[in-house]
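Subject: Structure handover

Hello,

Here is the structure for you to take over. My notes on what was found in it follow below.

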Amino acid sequence: MKKILLLALSSCLLFTSCSKKARNQSENEKLSEETLLTEDAPVKKTFEVISSGVEISEATSSEEEDTEEVAEGFIPAEIPELISFPERVSLELGQETELLKTNDFTISVCPTEIHPGRDSDTYNCDINITDSDSNTTLLEKCELLKISEWDNFIVCYDVLDNEHPLVTADINNNGITDYLFIIDGYYSDSLIAFEKKGNDYVAFLNLAVQVSGGPESDDIAENLIFNSGKKHNEIIIDYLPYNRRAVLEFDKKSYKFVEKEESKYKMKLYNPKETIEIMHFGNHEIAVSDTRVYLKENDEYYKIFFLGDPETYGDLFRNNNIGFQGIKILDIDESSFVVHLSFNHYHNNQFYLIFHKNGELYINKTEEEQDCKPGIFCDDGEILDMQSAVKENGGVTITYNVLEHYRDSDEDKLLDTRTTYIKSENLD
């Protein structure tokens, strides 16, 4: 399930991760609508960007207002000129092997310890950097599956061809040029960032952009957005297939990016790359694709529901389509409303409360579940129809009808009227 790591630059530096050239060509063909770099980007020049899918105008990337998700200005990224980058290397225990060399430094790897395994051995390795004065520093540690002759462990993704596996950009916003590369480890492909601080090279980011969990459960970084946050020193990472988001903030004391606590109820901004349809519900706009549902507000897109959320657990790899039965919206007041999504594949319904709080958009949903799957389920031949949504007791009470529904029937029969509740106050 590895996909191609993509790099896009607009108002912020953004990586969209997926797989290496030589792997999973059928998977790569599905990504034709992703954001790509021009293939002829020259050495030492800023990347040009080709965007496809949904167009987001430059005005929405915020020159006038500072948002947490979008950085102002343009972050240049360049490709340093390399002296050498062997496509294959030979590794031995205790032997240092050069992986990449520039005019200023050499990156090498040295297997230091073996871990025998039932099916295969793994090796602890030091990733070292040696400057032009022959001073060697431990940059990072990693774990490799094999030694002996093997492909270069610094990964060449499609966007970084086999002559350019290293890029530069100031991702911690401190005015110092940062170097970024990806190393193919045993358990994960890791994005490593380092810079020259004084006379020393220091690594300040080691981030798994693809974690191997089996043939159908690789956890990959779909989006990595650099220079985010009010100080433009944060990184946003969105992972697939089981959707989660992590936010890292650069800590000057430890000189590392550390994970930041984020409210799980705050709605998350996305830049859709897939083909979407805009649906209108009164004053609300909902953007829908085969696998995702967004709220569109002020020309920005916020996540409501993605394939891979808990509601689709278990069916994630059997269906490439959510299979919407219907979408309905009820306004509660000027600052809040409820979205009802129903799904054909799962006989599942979910109600989402969306509301404004302190100038931000928040979302919460019902806590009901069946067989450890969240949502409100109905039997074959039944549908749910939302009737009303009323604020009370620090949340919203939703009333809905259970209807007997068959395609060849002219009318639906009322079977029951029920309620569900969504909390809106005192959220963690």
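A residue counts as buried here when its relative accessible area is under 20%. Please keep in mind that this is a predicted model.

By that cut-off, strand β16, residues 219-228, is mostly covered, with ten of its ten residues buried. β16 and β17 form a hairpin with five residues between the strands, and G229 takes a positive phi near 85° in it.

N223 has a relative accessible area of 4% and the cut-off is under 20%, so N223 is buried. The side chain of N223 makes a polar contact of 2.8 Å with the side chain of K273.

Next, the nonpolar cores. The largest one has 27 residues, and those with the most contacts inside it are L100, F105, I107, I127, F181, I183 and F194. Two or more residues each come from β6 (88-91), β7 (97-102), β8 (105-115), β9 (122-131), β10 (136-144), β13 (178-184), β14 (188-197) and β15. The most come from β9, which gives four residues. Leaving aside residues up to four places away in sequence, I127 touches I107, S108, T137, L138, L139, E140, C142, F181, I183 and I192. Another core, of 23 residues, lies apart from the largest one; A193, F204, L205 and F250 are among its members.

With a relative accessible area of 10%, F257 is buried. Its contacts, again without residues up to four places away in sequence, are I171, N172, F204, L205, N233, E234, I235, L248, E249 and F250. For I235, the separation from F257 is 22 residues in sequence and 8.3 Å in space, C-alpha to C-alpha.

There are two open sheets to report. In one, five strands are arranged in the order β5-β7-β8-β9-β10 with antiparallel pairing. β5 (82-84) and β10 each have a single partner strand and stand at the edges, so one side of each has no neighbour in the sheet. From one strand to the next, the twist averages 25°. Inside this sheet, β7 and β8 run antiparallel and are joined by four bridges. L100 stands opposite I107 of β8, and both residues are listed with the most contacts inside the largest core.

The other sheet also has five strands, in the order β20-β24-β23-β22-β21, and its pairing is antiparallel. Its edges are β20 (269-270) and β21 (277-281), each with a single partner strand, so one side of each is left without a neighbour in the sheet. β20 runs antiparallel to strand β24 (residues 300-306), with two bridges between them. Y270 stands opposite Y301 in β24.

Regards

Key. Residues are numbered from 1 along each chain as its sequence is written. This is a predicted model: local features need pLDDT of at least 70, side-chain atom pairs count only at pLDDT 80 or more; totals for chains, interfaces and linings use all residues. Side-chain values use heavy atoms; hydrogens and water are left out. Buried means under 20% relative accessible area, exposed over 50%, partly exposed in between (1.4 Å probe, protein chains only). Two strands pair if DSSP finds at least two bridges between them. A nonpolar core is a set of buried Ala, Val, Leu, Ile, Met, Phe, Trp, Tyr and Cys residues joined through side-chain atoms within 4.5 Å. Contact means heavy atoms within 4.5 Å. Axes are lines fitted to C-alpha atoms, for helices over the stretch in contact, and angles run from 0 to 180 degrees between N-to-C directions. A polar contact is a pair of N or O atoms within 3.5 Å; within protein, one must be able to donate a hydrogen and the other to accept it, and residues adjacent in sequence count only if both atoms are side-chain atoms.
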